[in-house]
Amino acid sequence: MLIAIAGIARSSYYYHANRLCQPDKYAAMKAEIFSIYQEHKGRMGYRRIKLELHNRSICISHKTVLRLMRQLGLYCRVRIMITAQVFRRTSQQHQVRQRLNQVVVASAAARHRGYAFMGILIKDA
């Protein structure tokens, strides 16, 4: 009756009902992954955790590690480097300076040849 109302096959119902009763296959692995994650203060992603598991003589696929980390809600905390911010600011200033130099050089070349620059005829005075 319940199966007819839900609109699923009887085999699917019993498959899912039996699956809920089984213990978690990766419970020990989840505990190990969580302990590694906590040891390194959340700064390790699935690749480095997989290598750490390999160092501890536990063979597991990187895909499985990634799936288990997603189930546990563990994500690598990305640290923002201060030097990257300084570099980004410096490069923007450099780009502005470089663009101004291009304009000055272009206007000097145009003035030398007597060409119009930006719609204005530039001639030597």
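Is Lys30 buried or exposed, and what is its relative accessible area?

A: The model examined here is a predicted one. Within it, Lys30 has a relative accessible area of 19%. Because the cut-off for a buried residue is under 20%, Lys30 is classed as buried.

The charged group of Lys30 has a partner: Lys30 forms a salt bridge with Asp24, and the closest N and O atoms of the two are 3.1 Å apart. Asp24 has a relative accessible area of 43%. Side chains of opposite charge can pair when their charged atoms come close.

One pairs Arg56 with Glu32, with 2.6 Å between the closest N and O atoms. Arg56 lies in the loop between α4 (46-55) and α5 (62-72), whereas Glu32 belongs to helix α3 (residues 27-39), so this contact ties together parts that are 24 residues apart in sequence. Both partners fall in the partly exposed class: Arg56 has a relative accessibility of 28%, and Glu32 has a relative accessible area of 23%.

Arg56 also forms a salt bridge with Glu39, for which the closest N and O atoms are 3.0 Å apart. Glu39, like Glu32, is in helix α3. Here too the pair links distant parts of the chain, with Arg56 in the loop between α4 and α5 and a separation of 17 residues. At 48% relative accessibility, Glu39 counts as partly exposed. Through shared partners, salt bridges join Glu32, Glu39, Glu52 and Arg56 into one network.

The loop that contains Arg56, between α4 and α5, also contains Ser57. Ser57 is not a glycine, yet its phi is positive, at about 65°. With a relative accessible area of 67%, Ser57 is exposed. A positive phi is found at Lys41 too, at about 55°, although Lys41 is not a glycine either. Lys41 is located in the loop between α3 and α4.

Key:
Residues are numbered from 1 along each chain as its sequence is written. This is a predicted model: local features need pLDDT of at least 70, side-chain atom pairs count only at pLDDT 80 or more; totals for chains, interfaces and linings use all residues. Side-chain values use heavy atoms; hydrogens and water are left out. A salt bridge is a side-chain nitrogen of Lys or Arg within 4 Å of a carboxyl oxygen of Asp or Glu. Buried means under 20% relative accessible area, exposed over 50%, partly exposed in between (1.4 Å probe, protein chains only). Helices (H or I, at least four residues) and strands (E, at least two) are DSSP runs, numbered from the N terminus.
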